[in-house]
Amino acid sequence: FFSSRRRHTRYGTVTGVQTCALPIYVPTADADERRDALLQFGAKGANLATLYQRIDPDLQLEGFVVPFAWYADFMATSTWEVDGEMLSFSETLERWLADPDFLADGAVRADRLAALRDAMAAAPVDPAVLDALAEAIEGTWGGDTTMIRLRSSSNAEDGLEFSGAGLYDSFSACLADDRDGDDEGPSACDPDKDSEHTVEDALRAVWASLWYVGAYEERDWYGIDQGEVAMAVLAVTQSEEERANMVAFTGNPTRDDPAWLIEAQVGDLDVVASDPGVWPETDLLTVEEGEVTEIERAGTSSETDQVLTDSQLSDLGSALWDVDVAFPNDYGTPASGTLMWDTEWKVLGNGRLIVKQIRPFLRD
(Lines give C-alpha, C1' and ligand atoms only; values in the text may rest on other atoms or scores of the structure.)
Protein backbone atom coordinates (compact mmCIF):
# COMPACT_ATOMS: atom_id res chain seq x y z
CA PHE A 1 0.00 0.00 0.00
CA PHE A 2 1.11 3.54 -0.65
CA SER A 3 0.43 5.49 2.48
CA SER A 4 0.78 4.85 6.19
CA ARG A 5 -2.54 6.66 6.58
CA ARG A 6 -4.39 3.83 4.82
CA ARG A 7 -6.13 1.09 6.78
CA HIS A 8 -3.91 -1.80 7.90
CA THR A 9 -4.37 -5.51 7.36
CA ARG A 10 -2.47 -8.53 8.60
CA TYR A 11 0.40 -7.95 6.16
CA GLY A 12 2.06 -5.49 8.54
CA THR A 13 4.96 -3.21 7.63
CA VAL A 14 7.78 -4.82 5.68
CA THR A 15 10.81 -3.63 3.74
CA GLY A 16 11.51 -6.76 1.71
CA VAL A 17 9.42 -8.44 -0.96
CA GLN A 18 8.51 -12.11 -0.89
CA THR A 19 7.12 -13.74 -4.02
CA CYS A 20 3.60 -14.02 -2.63
CA ALA A 21 3.40 -11.28 -0.01
CA LEU A 22 2.43 -7.71 -0.69
CA PRO A 23 3.78 -4.97 1.60
CA ILE A 24 1.23 -2.71 3.18
CA TYR A 25 3.68 0.18 3.23
CA VAL A 26 6.48 1.12 0.84
CA PRO A 27 9.24 2.82 2.87
CA THR A 28 10.32 6.14 1.28
CA ALA A 29 11.70 8.09 4.24
CA ASP A 30 15.11 8.77 2.70
CA ALA A 31 16.97 8.49 -0.61
CA ASP A 32 18.16 4.95 0.13
CA GLU A 33 14.64 3.71 0.83
CA ARG A 34 13.33 5.45 -2.28
CA ARG A 35 16.06 3.80 -4.38
CA ASP A 36 15.10 0.41 -2.93
CA ALA A 37 11.44 1.11 -3.76
CA LEU A 38 12.40 1.88 -7.37
CA LEU A 39 14.32 -1.39 -7.60
CA GLN A 40 11.37 -3.41 -6.26
CA PHE A 41 8.32 -1.65 -7.68
CA GLY A 42 9.40 0.52 -10.63
CA ALA A 43 9.29 4.27 -11.00
CA LYS A 44 5.54 4.79 -11.39
CA GLY A 45 4.63 2.86 -8.26
CA ALA A 46 7.58 4.05 -6.17
CA ASN A 47 7.09 7.69 -7.16
CA LEU A 48 3.39 7.60 -6.32
CA ALA A 49 4.09 5.95 -2.97
CA THR A 50 6.67 8.65 -2.23
CA LEU A 51 4.20 11.37 -3.14
CA TYR A 52 1.15 9.92 -1.39
CA GLN A 53 3.01 9.64 1.90
CA ARG A 54 3.55 13.41 1.82
CA ILE A 55 0.36 15.05 0.53
CA ASP A 56 -3.30 15.46 1.46
CA PRO A 57 -5.11 12.06 1.37
CA ASP A 58 -8.02 13.74 -0.42
CA LEU A 59 -5.81 14.00 -3.50
CA GLN A 60 -5.07 10.27 -3.53
CA LEU A 61 -6.46 7.09 -5.04
CA GLU A 62 -6.55 3.84 -3.09
CA GLY A 63 -4.03 1.30 -4.30
CA PHE A 64 -0.97 -0.90 -3.91
CA VAL A 65 2.04 -2.04 -5.91
CA VAL A 66 3.02 -5.48 -7.25
CA PRO A 67 6.78 -6.17 -7.34
CA PHE A 68 9.10 -7.02 -10.21
CA ALA A 69 9.67 -10.40 -8.51
CA TRP A 70 6.24 -11.65 -9.61
CA TYR A 71 6.93 -10.78 -13.26
CA ALA A 72 10.37 -12.43 -13.06
CA ASP A 73 8.89 -15.63 -11.61
CA PHE A 74 6.17 -15.71 -14.28
CA MET A 75 8.71 -15.28 -17.08
CA ALA A 76 11.09 -17.89 -15.62
CA THR A 77 8.47 -20.59 -14.97
CA SER A 78 6.11 -20.17 -17.96
CA THR A 79 7.15 -22.30 -20.94
CA TRP A 80 6.26 -22.66 -24.61
CA GLU A 81 7.59 -24.38 -27.69
CA VAL A 82 10.08 -22.42 -29.77
CA ASP A 83 11.51 -24.09 -32.90
CA GLY A 84 10.67 -27.52 -31.52
CA GLU A 85 12.20 -26.83 -28.09
CA MET A 86 10.48 -26.06 -24.79
CA LEU A 87 11.81 -22.81 -23.38
CA SER A 88 10.72 -20.45 -20.62
CA PHE A 89 9.74 -16.94 -21.67
CA SER A 90 12.96 -15.59 -20.10
CA GLU A 91 15.09 -18.16 -21.93
CA THR A 92 13.33 -17.24 -25.16
CA LEU A 93 14.12 -13.55 -24.77
CA GLU A 94 17.71 -14.30 -23.86
CA ARG A 95 18.08 -16.37 -27.02
CA TRP A 96 16.38 -13.76 -29.23
CA LEU A 97 18.55 -10.95 -27.86
CA ALA A 98 21.59 -12.88 -29.06
CA ASP A 99 20.05 -13.72 -32.46
CA PRO A 100 21.32 -11.56 -35.38
CA ASP A 101 18.04 -12.05 -37.28
CA PHE A 102 15.97 -10.77 -34.37
CA LEU A 103 18.31 -7.84 -33.77
CA ALA A 104 18.63 -6.77 -37.40
CA ASP A 105 15.20 -7.43 -38.93
CA GLY A 106 12.29 -5.33 -37.68
CA ALA A 107 9.69 -7.63 -39.25
CA VAL A 108 11.18 -10.67 -37.51
CA ARG A 109 11.19 -8.76 -34.20
CA ALA A 110 7.58 -7.68 -34.59
CA ASP A 111 6.36 -11.20 -35.40
CA ARG A 112 8.27 -12.86 -32.57
CA LEU A 113 7.27 -10.29 -29.96
CA ALA A 114 3.61 -10.56 -31.01
CA ALA A 115 3.83 -14.34 -30.56
CA LEU A 116 5.43 -13.88 -27.14
CA ARG A 117 2.68 -11.51 -26.01
CA ASP A 118 0.03 -14.00 -27.13
CA ALA A 119 1.78 -16.77 -25.20
CA MET A 120 2.05 -14.58 -22.11
CA ALA A 121 -1.66 -13.79 -22.32
CA ALA A 122 -2.47 -17.51 -22.30
CA ALA A 123 -0.01 -18.72 -19.65
CA PRO A 124 -1.50 -19.39 -16.19
CA VAL A 125 -0.43 -17.20 -13.29
CA ASP A 126 0.72 -18.93 -10.09
CA PRO A 127 -2.44 -19.48 -7.96
CA ALA A 128 -0.54 -18.29 -4.89
CA VAL A 129 0.09 -14.97 -6.64
CA LEU A 130 -3.59 -14.65 -7.55
CA ASP A 131 -4.61 -15.47 -3.95
CA ALA A 132 -2.26 -12.78 -2.60
CA LEU A 133 -3.63 -10.28 -5.12
CA ALA A 134 -7.19 -11.16 -4.15
CA GLU A 135 -6.41 -10.58 -0.48
CA ALA A 136 -4.75 -7.27 -1.27
CA ILE A 137 -7.74 -6.15 -3.36
CA GLU A 138 -10.25 -7.06 -0.67
CA GLY A 139 -8.09 -5.45 1.99
CA THR A 140 -7.87 -2.24 -0.01
CA TRP A 141 -11.39 -1.91 -1.40
CA GLY A 142 -13.38 -3.97 1.10
CA GLY A 143 -14.75 -6.48 -1.42
CA ASP A 144 -14.40 -7.94 -4.89
CA THR A 145 -16.84 -5.83 -6.95
CA THR A 146 -14.83 -2.60 -7.31
CA MET A 147 -13.37 -2.14 -10.78
CA ILE A 148 -9.68 -1.36 -10.43
CA ARG A 149 -6.97 -0.37 -12.89
CA LEU A 150 -3.68 -2.22 -13.27
CA ARG A 151 -0.99 0.11 -14.64
CA SER A 152 2.56 -0.44 -15.83
CA SER A 153 5.40 0.39 -13.45
CA SER A 154 8.43 -0.83 -15.38
CA ASN A 155 12.09 -0.03 -14.87
CA ALA A 156 12.06 1.62 -18.31
CA GLU A 157 9.69 4.55 -17.80
CA ASP A 158 9.17 7.67 -15.69
CA GLY A 159 12.90 8.32 -15.39
CA LEU A 160 14.87 11.52 -15.84
CA GLU A 161 16.51 10.37 -19.07
CA PHE A 162 13.70 8.14 -20.38
CA SER A 163 10.05 8.86 -19.66
CA GLY A 164 8.54 6.02 -21.73
CA ALA A 165 5.23 7.88 -21.77
CA GLY A 166 2.53 5.93 -23.61
CA LEU A 167 4.69 2.88 -24.34
CA TYR A 168 2.87 0.41 -22.09
CA ASP A 169 -0.78 -0.26 -21.33
CA SER A 170 -3.20 -0.22 -18.41
CA PHE A 171 -6.09 -2.66 -18.01
CA SER A 172 -9.28 -2.82 -15.95
CA ALA A 173 -9.71 -5.68 -13.48
CA CYS A 174 -12.61 -7.07 -11.48
CA LEU A 175 -11.89 -9.72 -8.85
CA ALA A 176 -15.49 -10.92 -8.88
CA ASP A 177 -15.05 -11.87 -12.55
CA ASP A 178 -12.25 -14.28 -11.55
CA ARG A 179 -14.59 -15.91 -9.07
CA ASP A 180 -17.88 -16.28 -10.95
CA GLY A 181 -17.03 -19.65 -12.50
CA ASP A 182 -17.57 -18.67 -16.14
CA ASP A 183 -16.06 -16.62 -18.96
CA GLU A 184 -19.27 -14.86 -19.87
CA GLY A 185 -19.96 -11.17 -19.45
CA PRO A 186 -21.10 -8.73 -18.37
CA SER A 187 -18.53 -7.82 -15.76
CA ALA A 188 -19.66 -8.26 -12.16
CA CYS A 189 -18.07 -4.89 -11.36
CA ASP A 190 -19.72 -2.97 -14.21
CA PRO A 191 -22.80 -4.34 -16.02
CA ASP A 192 -22.19 -1.87 -18.85
CA LYS A 193 -19.05 -3.82 -19.81
CA ASP A 194 -20.11 -6.74 -21.99
CA SER A 195 -17.05 -8.90 -21.30
CA GLU A 196 -15.36 -10.04 -18.11
CA HIS A 197 -12.24 -8.23 -16.86
CA THR A 198 -10.45 -10.76 -14.69
CA VAL A 199 -7.48 -9.81 -12.53
CA GLU A 200 -5.45 -12.65 -14.06
CA ASP A 201 -6.06 -11.38 -17.61
CA ALA A 202 -5.26 -7.79 -16.65
CA LEU A 203 -2.06 -8.74 -14.84
CA ARG A 204 -0.79 -10.78 -17.78
CA ALA A 205 -1.73 -8.04 -20.22
CA VAL A 206 0.23 -5.37 -18.31
CA TRP A 207 3.23 -7.69 -18.12
CA ALA A 208 2.98 -8.46 -21.84
CA SER A 209 2.78 -4.77 -22.78
CA LEU A 210 6.47 -4.55 -21.87
CA TRP A 211 7.09 -6.36 -25.16
CA TYR A 212 5.09 -4.21 -27.56
CA VAL A 213 7.32 -3.76 -30.58
CA GLY A 214 7.01 0.04 -30.31
CA ALA A 215 8.20 -0.10 -26.70
CA TYR A 216 11.11 -2.33 -27.71
CA GLU A 217 12.13 0.02 -30.53
CA GLU A 218 11.91 3.11 -28.30
CA ARG A 219 14.07 1.49 -25.64
CA ASP A 220 16.53 0.37 -28.30
CA TRP A 221 16.79 3.92 -29.64
CA TYR A 222 17.78 5.12 -26.17
CA GLY A 223 20.30 2.31 -25.67
CA ILE A 224 18.40 0.58 -22.85
CA ASP A 225 19.50 -3.01 -22.20
CA GLN A 226 16.50 -5.10 -23.27
CA GLY A 227 17.70 -8.01 -21.18
CA GLU A 228 17.34 -5.96 -17.99
CA VAL A 229 13.83 -4.54 -18.45
CA ALA A 230 11.06 -5.81 -16.19
CA MET A 231 7.48 -4.94 -15.28
CA ALA A 232 6.05 -4.21 -11.87
CA VAL A 233 2.39 -3.20 -11.58
CA LEU A 234 0.51 -0.35 -9.93
CA ALA A 235 -3.07 -1.18 -8.85
CA VAL A 236 -5.40 1.77 -8.21
CA THR A 237 -9.10 2.56 -8.16
CA GLN A 238 -10.47 2.95 -11.67
CA SER A 239 -11.83 6.45 -12.13
CA GLU A 240 -15.44 6.52 -13.28
CA GLU A 241 -17.32 9.33 -15.04
CA GLU A 242 -14.29 11.60 -15.17
CA ARG A 243 -15.02 15.25 -15.78
CA ALA A 244 -11.49 16.10 -16.93
CA ASN A 245 -7.96 14.82 -17.02
CA MET A 246 -4.83 16.95 -16.99
CA VAL A 247 -1.09 16.90 -17.49
CA ALA A 248 0.52 19.57 -15.29
CA PHE A 249 4.15 20.68 -15.13
CA THR A 250 5.80 22.66 -12.34
CA GLY A 251 7.29 24.84 -15.05
CA ASN A 252 7.06 25.13 -18.81
CA PRO A 253 8.68 22.21 -20.66
CA THR A 254 8.77 24.05 -24.00
CA ARG A 255 10.40 27.36 -23.08
CA ASP A 256 12.09 29.34 -20.33
CA ASP A 257 8.99 30.65 -18.60
CA PRO A 258 8.14 30.98 -14.89
CA ALA A 259 4.51 30.00 -15.56
CA TRP A 260 3.40 26.41 -15.05
CA LEU A 261 1.95 24.59 -18.06
CA ILE A 262 -1.40 22.79 -17.74
CA GLU A 263 -2.96 20.75 -20.55
CA ALA A 264 -6.51 19.57 -19.89
CA GLN A 265 -9.05 17.52 -21.78
CA VAL A 266 -12.70 16.82 -21.15
CA GLY A 267 -13.86 13.48 -19.78
CA ASP A 268 -11.42 10.62 -20.17
CA LEU A 269 -10.00 11.73 -23.52
CA ASP A 270 -6.22 11.35 -23.68
CA VAL A 271 -4.09 14.45 -23.31
CA VAL A 272 -0.75 13.01 -24.42
CA ALA A 273 -1.70 10.62 -27.23
CA SER A 274 -4.76 12.32 -28.70
CA ASP A 275 -6.52 11.07 -31.80
CA PRO A 276 -6.03 13.11 -35.00
CA GLY A 277 -8.03 16.32 -34.86
CA VAL A 278 -8.32 16.21 -31.06
CA TRP A 279 -6.24 18.47 -28.85
CA PRO A 280 -6.35 19.61 -25.20
CA GLU A 281 -6.90 22.97 -23.59
CA THR A 282 -3.66 24.78 -22.74
CA ASP A 283 -3.35 27.04 -19.71
CA LEU A 284 -0.42 28.81 -18.05
CA LEU A 285 -0.51 29.47 -14.30
CA THR A 286 1.53 31.90 -12.26
CA VAL A 287 1.78 30.39 -8.78
CA GLU A 288 3.24 32.25 -5.80
CA GLU A 289 3.49 30.65 -2.35
CA GLY A 290 0.70 28.22 -3.13
CA GLU A 291 -1.69 30.78 -4.63
CA VAL A 292 -2.51 31.11 -8.32
CA THR A 293 -2.07 34.82 -9.07
CA GLU A 294 -2.55 34.74 -12.84
CA ILE A 295 -4.24 32.45 -15.36
CA GLU A 296 -3.41 32.69 -19.07
CA ARG A 297 -5.77 30.87 -21.40
CA ALA A 298 -3.30 29.90 -24.12
CA GLY A 299 -5.49 27.54 -26.17
CA THR A 300 -8.93 25.91 -26.14
CA SER A 301 -9.74 22.22 -26.40
CA SER A 302 -11.04 20.83 -29.67
CA GLU A 303 -13.96 19.37 -27.72
CA THR A 304 -15.31 22.26 -25.63
CA ASP A 305 -14.88 25.98 -25.01
CA GLN A 306 -13.54 25.45 -21.48
CA VAL A 307 -12.38 22.24 -19.79
CA LEU A 308 -11.38 23.76 -16.43
CA THR A 309 -12.93 26.76 -14.74
CA ASP A 310 -10.77 29.44 -13.15
CA SER A 311 -11.69 28.01 -9.76
CA GLN A 312 -10.58 24.51 -10.78
CA LEU A 313 -7.31 25.88 -12.19
CA SER A 314 -6.70 27.72 -8.93
CA ASP A 315 -7.29 24.52 -6.95
CA LEU A 316 -5.02 22.58 -9.29
CA GLY A 317 -2.26 25.20 -9.09
CA SER A 318 -2.37 25.20 -5.28
CA ALA A 319 -2.30 21.40 -5.13
CA LEU A 320 0.56 21.30 -7.64
CA TRP A 321 2.50 23.74 -5.46
CA ASP A 322 2.06 21.38 -2.50
CA VAL A 323 3.33 18.52 -4.66
CA ASP A 324 6.34 20.55 -5.76
CA VAL A 325 7.21 21.39 -2.15
CA ALA A 326 6.58 17.89 -0.78
CA PHE A 327 8.12 15.61 -3.40
CA PRO A 328 11.80 14.90 -2.60
CA ASN A 329 14.33 15.68 -5.31
CA ASP A 330 16.86 12.84 -5.39
CA TYR A 331 18.31 14.06 -8.69
CA GLY A 332 20.04 17.19 -7.41
CA THR A 333 20.42 20.40 -9.38
CA PRO A 334 21.26 19.67 -13.03
CA ALA A 335 24.44 21.20 -14.44
CA SER A 336 22.37 22.52 -17.32
CA GLY A 337 18.66 22.76 -17.95
CA THR A 338 15.75 23.00 -15.53
CA LEU A 339 14.31 20.13 -13.50
CA MET A 340 10.54 20.12 -13.02
CA TRP A 341 7.81 17.61 -12.18
CA ASP A 342 5.56 16.19 -14.86
CA THR A 343 2.29 15.14 -13.20
CA GLU A 344 -1.07 13.68 -14.20
CA TRP A 345 -4.37 14.58 -12.56
CA LYS A 346 -8.09 13.94 -12.88
CA VAL A 347 -11.30 15.66 -11.87
CA LEU A 348 -13.61 12.80 -10.88
CA GLY A 349 -17.34 12.66 -11.46
CA ASN A 350 -18.01 14.05 -7.98
CA GLY A 351 -15.70 17.03 -8.64
CA ARG A 352 -12.84 15.68 -6.55
CA LEU A 353 -9.30 16.46 -7.74
CA ILE A 354 -6.77 13.59 -7.60
CA VAL A 355 -3.15 13.17 -8.70
CA LYS A 356 -2.32 9.82 -10.31
CA GLN A 357 1.28 10.09 -11.51
CA ILE A 358 4.52 12.04 -11.06
CA ARG A 359 7.86 11.84 -12.85
CA PRO A 360 10.86 14.12 -13.37
CA PHE A 361 11.24 16.23 -16.52
CA LEU A 362 14.46 17.96 -17.56
CA ARG A 363 14.09 20.91 -19.91
CA ASP A 364 17.27 21.58 -21.83
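Which handedness does the link of C174 and C189 have? With 80° about the S-S bond, the link of C174 and C189 is right-handed. This is a predicted model, in which local features need pLDDT of at least 70 and side-chain atom pairs count only at pLDDT 80 or more, while totals for chains, interfaces and linings use all residues. Residues are numbered from 1 along each chain as its sequence is written, and side-chain values use heavy atoms, with hydrogens and water left out.

**Disulfide**

- The structure holds one disulfide (a pair of cysteine sulfur atoms within 2.5 Å), which joins C174 to C189 with an S to S distance of 2.1 Å.
- The pair links distant parts of the chain, 15 residues apart: C174 lies in the loop between β5 (171-173) and α7 (175-179), and C189 in the loop between α7 and α8 (199-208).
- Both C174 and C189 are buried (under 20% relative accessible area, with a 1.4 Å probe and protein chains only).

**Sheet**

- Six strands form an open sheet in the order β10-β9-β8-β7-β11-β12, with antiparallel pairing; strands are DSSP runs of E with at least two residues, helices runs of H or I with at least four, and two strands pair if DSSP finds at least two bridges between them.
- β10 (291-299) and β12 (353-363) stand at the edges with a single partner strand each, so one side of each is left without a neighbour in the sheet.
- Strand β11 (residues 338-347) is joined to the antiparallel β12 by ten bridges, and V355 in β12 is the bridge partner of W345.

How values were computed
Buried means under 20% relative accessible area, exposed over 50%, partly exposed in between (1.4 Å probe, protein chains only).
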